[in-house]
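Let's look at how parts of a protein chain can be held to one another. Have the sequence and the 3D view ready as you read.

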Amino acid sequence: MDGHGSGGAYGAPWRQERRQAWWRRLRWRRALAVFAAVACALTGLGLIGAVTLASRFDNSIHRGNLLGSARTTPGKDVHGPLNFLLIGSNYRTQDPSNGERADTIMIVHVAKDLSHAYLVSVPRDLYYTIKPYPPTQFAGSTEKIDAALNYGGMPLMSQTVSDLTGLRFDGAVEARFDGFQQAVQALGGVDLCVDEKTVSVHIGHTADGRYAMPYTNTGAHPIPVPGVTPQVYYPGCQHMVPWQALDYVRQRELLPNGDYDRQRHQQQFITAVLKQTASAGTLTDPIKLDKTLRAIGQALTIDTNGTSVTDFVYALKGIKASSLVGLKAPSHPEVIGNTSYVVGEPDLPDLWAAIRDDTLDAYAAAHPSLVNPLDGHAAPPTQG
């Protein structure tokens, strides 16, 4: 390891307490949904015969009505194709009055033969009409699709994605808990392959090693803070401790393709976590595996649509990290009324149709530019 991703100024033991303090202030949720996908939709990886562990996981999770009317027929037998909705919220327990939006929106599509799966990222800034929602007296509006979560919680968020795609979902996961890093810690960190130099706008340090925000105005055009050196993630495969991995996958402001690069990094994070969860070091250590599964279960809210997690374990046991394919939606940034949005290309409905028809294999082959490399070894060229 070259040391760029191994801890640097944050590795000293005497900084542990200080690091924990700023750790709690980070908005984890963009990465949470990604990790939740691993735990919920694809938890069968490598866990053949682990019925007891699956049962413990099943009993540890928080359950809720996340899908509302956007669900498939409840309690059906598990068979493909399957579609799961994964939402990461920016809700802050220390500032609930700020509301919440969906920082991550992802669809996991499992093919009919249950042999492979697609991770399809929906742009959180997609310009879309959110329908009225009488339970919260929301009158409806046309704005960024992520706002649906704030206006009507997960039921409206799920229904809005269903309206967009024409899909109904077999399950859903929402993650918005600050303690989710414990699940990554249970794994001992994550091995990630960084595909492009990534500068953090959230984590930096001063010359004497104190934590400091390296940029201001991070919601728009980041402005460097004099005297603060930002954390930098250099290209190459490396082991990241939890705070590094979660910070890395939330970056978008200084990347050439913005949120599209972040979507790709989130998909790569799923692949890395799956590989590590299915590795011999985890599977042959029952205590570590049990701790990991229970930590994941306590970090998310799940709607399995009447199906037990154990049944999903058996159904999805054949899926491996190497059989995942990442896809981005054909779209582009556009300023509308002085606000930056993402607008779908004319052929965006073709992607949703391919998910509905279980023809994503053909779609991906016909649209190679929309396929995200999940091994992290090569970043796609800059758009535009």
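What follows is a short tour of the disulfide and of some salt bridges in this predicted model.

**The disulfide**

The structure has one disulfide. C193 and C237 form this link, with their sulfur atoms 2.0 Å apart. The link of C193 and C237 is right-handed, with 100° about the S-S bond. C193 sits in strand β8 (residues 190-194) and C237 in strand β14 (residues 236-240), so the pair ties together parts that are 44 residues apart in sequence. C193 is buried, at 17% relative accessible area, whereas C237 is partly exposed, at 48%.

**The salt bridges**

Side chains of opposite charge can pair when their charged atoms come close. The structure holds 14 salt bridges, including these:

| Salt bridge | N to O distance |
|---|---|
| R101 and E143 | 3.5 Å |
| R124 and D103 | 2.8 Å |
| R124 and D146 | 3.5 Å |

Where do R101 and E143 lie in the chain? R101 is in the loop between β2 (82-89) and β3 (102-110), while E143 belongs to strand β6 (residues 141-144), 42 residues apart. R101 is partly exposed, with 29% relative accessibility, but E143 is buried, at 13%.

R124 takes part in a salt bridge with D103 and in another with D146. R124 lies in the loop between β4 (117-121) and β5 (127-130) and D103 in strand β3, so this pair ties together parts that are 21 residues apart in sequence. D146 is in the loop between β6 and α4 (148-165), 22 residues from R124. Are R124 and D146 buried or exposed? Both are buried. D103 is buried too, at 3% relative accessibility.

Finally, R101, D103, R124, D125, E143, K144, D146 and R252 are linked in a network of salt bridges.

Methods. Residues numbered from 1 in each chain as written. Predicted model: local features only at pLDDT ≥ 70, side-chain atom pairs only at ≥ 80, totals over all residues. Heavy atoms only, no water. Disulfide = S-S within 2.5 Å. Helix = DSSP H or I, 4+ residues; strand = E, 2+ residues; numbered from the N terminus. Buried < 20%, exposed > 50% of the residue type's maximum accessible area, 1.4 Å probe, protein only. Salt bridge = Lys/Arg side-chain N within 4 Å of Asp/Glu carboxyl O.
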